[in-house]
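I opened my notebook to look up a few residues and some helix pairs. My entries follow in the order I made them.

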Amino acid sequence: MASRADEAAYDVVVVGGGGAGLAAAIEAREAGCEVVLLEKNAKLGGSTAWSIGSITATQTPHQIRRGIIDCPEDHWADMAGFAPELAPRDNDALRRILCDEVPAALRWLMQSGVRFMGPMPEPPHRQPRMHNVLPNSRSYIYHLERRARRVGVDIRTGTRVTRIIRQGDRVTGVDAEAGGQTQRFAARRAVVLAAGDFTNSPELKARFMGEAAAMVEGVNLTATGDGQRLAEALGAQIVNGDLALGPELRFIAPATETLVRRLPPWRALAAFMQWALDHLPQALLRPFMMKFLTTALAPSQLLFEQGAVLVNQRGERFGAELDGPAWRVPDQPGKVAYIVLDHALAEQFSHWPFFVSTAPGIAYAYIADYRKNRPDVFSEATTLAQLADKLGMPPAALEASVSSAPSHKPRNGPFIALGPVRSVFVHSEGGLAVDANHRVIGADQRPIAGLYAAGATGQGGLLLKGHGHHLAWAFVSGRRAGRFAAAERSAMQ
């Protein structure tokens, strides 16, 4: 059992060290508060560091340079087009805040040292609005951590918050465990919860999405809904907990990180990359970009629509490829599967419009790209029996699976297997109910004094469909929550 250490007191306590938490901590500190940021993992990053890194915004320097006339009002209206059937469940007021404030948030990131390419189109957005970070999503954490430390935020990693302290009707701090000790962090003004979503919490997924969802892992294995659980103990409510992106199939990430993921997020390097993307021919850039595109992305549904076969490690088909296979992969041996194509399909998926995968707004990857850049998930052989040997499958089982799959034409070699693929949740939409000032709403439908939430923890029913909106909300809500927390009257007064 952890022993008790001395209490430490700050004006604002931030729980979570991803993009939203760092934004909240920086804003509260720059407003003159003493701030501590508590992160359970050994290093900062959260789901922000796992993301593709896109932010969707209007009226940015990138749009202006290209002569694109755009506005937050159009952005607000276009967001509803991503999931019109869910419109009654959206939080229109928070969507308005997101669209109005993300232009300033993007400029704030640029002032912190972050660089972007774009903007890229993504229908139903009527204008190109998606901006992708350079050189990778770690740039956010690298530059914001440097800014946070520079202004004096006390950052504590390896520190897991276990309880929110409430005295009377007001939150006054948290208890946290670190190094076998429990320490209390008092909050003279407020606590900000920015601990991410619950894509890797079997208990919360089972409660809101069903038992099948509990079997599917999250991309971020440490996204276990800590902030939601901590606030629920005080009577807070989770909104839209049944909605998530996924499950979807994703290629297993490389055992060693790709060149692009290893690139240091230095400002000069990002600036050079931005210049190169704007000025160099695509023929020169494409081989470099492919190293990023084929890292850990989702195989296109087009593969299965055109006749690709999905098998498990034993070479067995385990259901119809077009009938939600991502729900069944977690029940297979090793929780993985392989996509099998014959020669004709491989030729078909070598050029537009039949792509194997895509990174939003950048480019499409085809069979040749996977052959060159991802040999760890690419196997090829003249016959199915030889392919089975390469994959460690019983040849008879693989041959039977391919012959039993629906096809409008004979299947001829050589044959290709892409995989392993696994099923994942990318992010969940289930965040705490909050008001327009990001205060957490309690059981009596009134704000809990001294408690704020940002990012996925404080999503408040806002629907963030489409690329670039989750990170946009992380930085917009984080900055705002930090400012509002700093403006709280001190409980010591």
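**Entry 1: Asp70**

I began with Asp70 and listed what it touches, leaving out residues up to four places away in sequence: Thr58, Gln59, Gln63, Gln127 and Arg129. Contact here means heavy atoms within 4.5 Å. I noted that this is a predicted model, where local features need pLDDT of at least 70, side-chain atom pairs count only at pLDDT 80 or more, and totals for chains, interfaces and linings use all residues. I also noted that residues are numbered from 1 along each chain as its sequence is written, and that side-chain values use heavy atoms, with hydrogens and water left out.

Where is Asp70 placed? I found Asp70 in the loop between helix H3 (61–65) and helix H4 (72–79). Helices are DSSP runs of H or I with at least four residues, numbered from the N terminus.

Is Asp70 buried or exposed? Asp70 counts as buried, because its relative accessibility is 8%. The cut-offs are under 20% relative accessible area for buried, over 50% for exposed, and partly exposed in between (1.4 Å probe, protein chains only).

I then looked up its polar contacts. The side chain of Asp70 has one of 2.9 Å with that of Gln63. Another, of 2.6 Å, joins the side chains of Asp70 and Arg129. A polar contact is a pair of N or O atoms within 3.5 Å; within protein, one must be able to donate a hydrogen and the other to accept it, and residues adjacent in sequence count only if both atoms are side-chain atoms.

**Entry 2: Asp92 and helix H5**

I turned to Asp92, which is in helix H5 (residues 92–111). Asp92 counts as partly exposed because its relative accessibility is 39%. Its C-alpha atom is 9.3 Å from that of Ala80, twelve residues apart along the chain.

Next I checked the packing of H5. H5 and helix H18 (residues 469–487) pack at about 90°, with axes 8 Å apart. Axes are lines fitted to C-alpha atoms, for helices over the stretch in contact, and angles run from 0 to 180 degrees between N-to-C directions. H5 and H18 are therefore roughly perpendicular, a term for 65 to 115 degrees.

**Entry 3: H1 and H6**

I looked up one more pair. Helix H1 (residues 19–30) and helix H6 (residues 138–151) pack at about 25°, with axes 10 Å apart. That makes H1 roughly parallel to H6, the term for angles under 35 degrees.

How values were computed: Helices (H or I, at least four residues) and strands (E, at least two) are DSSP runs, numbered from the N terminus. Angles under 35 degrees count as roughly parallel, over 145 as roughly antiparallel, 65 to 115 as roughly perpendicular and the rest as oblique.
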